[in-house]
Amino acid sequence: MEIAAFDLIPIFSNTLIVIITSSAAVIGLISWRWWQQKKKYSSLRSLPSPKGNWLLGNAPQLLAAANENKFSSSLSNWANELGSMYILWFINRPFLILTKPRVIEKIIVEGHKDGTVARDPELRELWGNLFGGPIMIQQEGSEWQWRRQTYNRSFTSSHLSGYFEIVERACLQVVETLQGAADKQKVILVDPLFAELTMRIICRLMLGIPLDRNSPNHEGPPLEPQKLYEALSVLTKQFNAEAAGENKWFKYIPTKPKQSYWAAKRFLQEFVSPRVDLALQVAGCKQPSSAEVSSLFEKSILVQLAKQPKFNQQMLCAETIGIIFAGTDTTAHTLSFTVGALGINPRVYQLAQQEVDQVWQLYGGINSKSLKELTYLQGIIKESMRLYPVSNGSTACVTTRDTVIDGVDIPEGTSINWSLLAAGRDPEEYQMPDEFLPERWFKDQQRDAQPLTILVFGSGPHRCLGESLAMLEATVMLALLLRYFNWEIVNGRRSLEQLGQNLTVFPQDWMPVRFKVRERRENS
Ligand code: HEM
């Protein structure tokens, strides 16, 4: 049977009507949602915001900042331009950025306590993806509590004094390397050196890997700090891209960077999973033969965690990668900035060296007792973290109901993040904010009864698990450096001003330093 052309007209016109109606419905729905969002967040339109694209808002700037590893410095630069509270628009979605230390602290502590804010669900998902499973930092309520309690058992003060010897031995390895470089008048990039130091310490504590490179280690592949460090960096790059808005499915496109991402994931998994399997066996008393497991491994934090039956293989692998990451970059970059800050502040440098020499004389060296006397050094580390905070806003939150922050109405569903770089230079909190003044951290020097806020380790229940360990590592390393060397920062102030960022903030030039062995008279 033949179909005449005019018989097809009703079919085409019906199809056309369906297409037009459904397109109109979709456009209508999108416009309605757009308008609803606009109305919901209208109170935020009065807050300052960097000039953005009419449709995408500040999304292109945020993605560019993440790609160029400049997220932290961009947040801080916008704060200088726009003030202590501003908005970034991601298309139509608002991100409130805070820079007043006490306002930030109030949100983290009270906001979480009274339920006004919760950890950002998207960031929580990203943390899980980053390390390959659910980890403590993403958790809330009882899921967070049992994890933290399990970890806390390995971070009591008696454990920490036990860790002193390990930290000191690892720091002395760095001193040895620097002595070799100083003899040859070689410039050393201290940041990678400190990253290796902190990685060796955290892998010794977490996985029982001996500090001595030549000691056998049967529980898994050998520790290759540089490879491990690079793998972690690749992962965090992906985290940053997704945090700044890159679609999570993009990582499945087989481009070179994405292939590196999957290779890094595999490398990390292969490094930790044999150790996790063994830890589960040791913890379950299905003891492998003693040749397979060292006593260092048996006493490792991983084996202690594995004794908690709620942890399964995948969770332990994710926690292990997470702890290696958390314990490496943060402390290493803090040490680099501190060495840099001392290099450009001769008055502070001299006072620090005097303190170390006095304590050394009194106690015959640096030990767990004399460490407590190094109060000026501790002020220096805090001051360095105030001016050069290495962590920044990776644990942002979202308002769960309408609320008021620093006098401004903030609707439910607003993402909140902060700039610690700007917060550390807030003139209301810190007098002469651009000056490097360790003395400001001494109680008798403070203006009012309320101590100065230090947010670099976070605040509230999720406050950094490794704070005391990080302070121990930084104090011992710095004391040994001051005792054995004088140094000069090759690029001067520039090393402290040009900041790079992966997840943490670091000196972009890796802090090149020229060390000179100190000539000391006997008993001085
Ligand atoms: C200078 C060094 C360090 C800095 C600046 C730092 C910074 C931070 C910050 C800001 C948080 C809070 C995140 C939040 O509010 O959710 C945090 C949490 C955490 N840090 Fe550190 N950290 C440092 C060293 C370490 C070390 C050495 C470890 C190794 C044990 C570590 C392990 C952790 C863990 C496991 C958490 C999550 C705590 C929880 O969710 O309860 N950190 N850190």
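These legends describe close-up views of a predicted model. Local features need pLDDT of at least 70, side-chain atom pairs count only at pLDDT 80 or more, and totals for chains, interfaces and linings use all residues. Residues are numbered from 1 along each chain as its sequence is written, and side-chain values use heavy atoms, with hydrogens and water left out.

**View 1. Phe194 and Trp487 in the largest nonpolar core.** These two residues have the most contacts inside a core of 127 residues. A nonpolar core is a set of buried Ala, Val, Leu, Ile, Met, Phe, Trp, Tyr and Cys residues joined through side-chain atoms within 4.5 Å. Helix H13 (residues 313–343) supplies the largest share of this core, 14 residues. Helices (H or I, at least four residues) and strands (E, at least two) are DSSP runs, numbered from the N terminus. A second, separate core has 22 residues, including Ile87, Cys397, Ile410 and Leu420.

View 2. Phe194 sits in helix H8 (residues 190–207). Its relative accessibility is 0%, so Phe194 counts as buried. Buried means under 20% relative accessible area, exposed over 50%, and partly exposed in between (1.4 Å probe, protein chains only). Beyond four places in sequence, Phe194 touches Val174, Ala332, Leu335, Ser336, Val339, Met477 and Leu481. Contact means heavy atoms within 4.5 Å.

**View 3. Surroundings of Trp487.** Contacts of Trp487, leaving aside neighbours within four places in sequence, include Val339, Leu342, Gly343 and Tyr349. Leu481, Leu482, Val513, Arg514 and Phe515 are also in contact with Trp487.

**View 4. Salt bridge between Asp426 and Lys100.** The closest N and O atoms of this pair are 2.8 Å apart. A salt bridge is a side-chain nitrogen of Lys or Arg within 4 Å of a carboxyl oxygen of Asp or Glu. Asp426 lies in the loop between helix H16 (420–423) and helix H17 (467–484), and Lys100 in the loop between strand E2 (93–98) and helix H4 (101–114), so the pair ties together parts 326 residues apart in sequence. Both Asp426 and Lys100 are buried. The whole structure holds 22 salt bridges.

**View 5. Salt bridge between Glu439 and Arg347.** The side chains meet at 3.0 Å, N to O. Glu439 is in the loop between H16 and H17, and Arg347 is in helix H14 (residues 346–363), 92 residues apart. Glu439 counts as buried at 17% relative accessibility. Arg347 is partly exposed at 42%.

**View 6. Thr504 and Asp329.** A polar contact of 3.0 Å joins their side chains. A polar contact is a pair of N or O atoms within 3.5 Å; within protein, one must be able to donate a hydrogen and the other to accept it, and residues adjacent in sequence count only if both atoms are side-chain atoms. Thr504 lies in the loop between strand E10 (499–501) and strand E11 (505–507). Thr504 is buried, at 4% relative accessibility.
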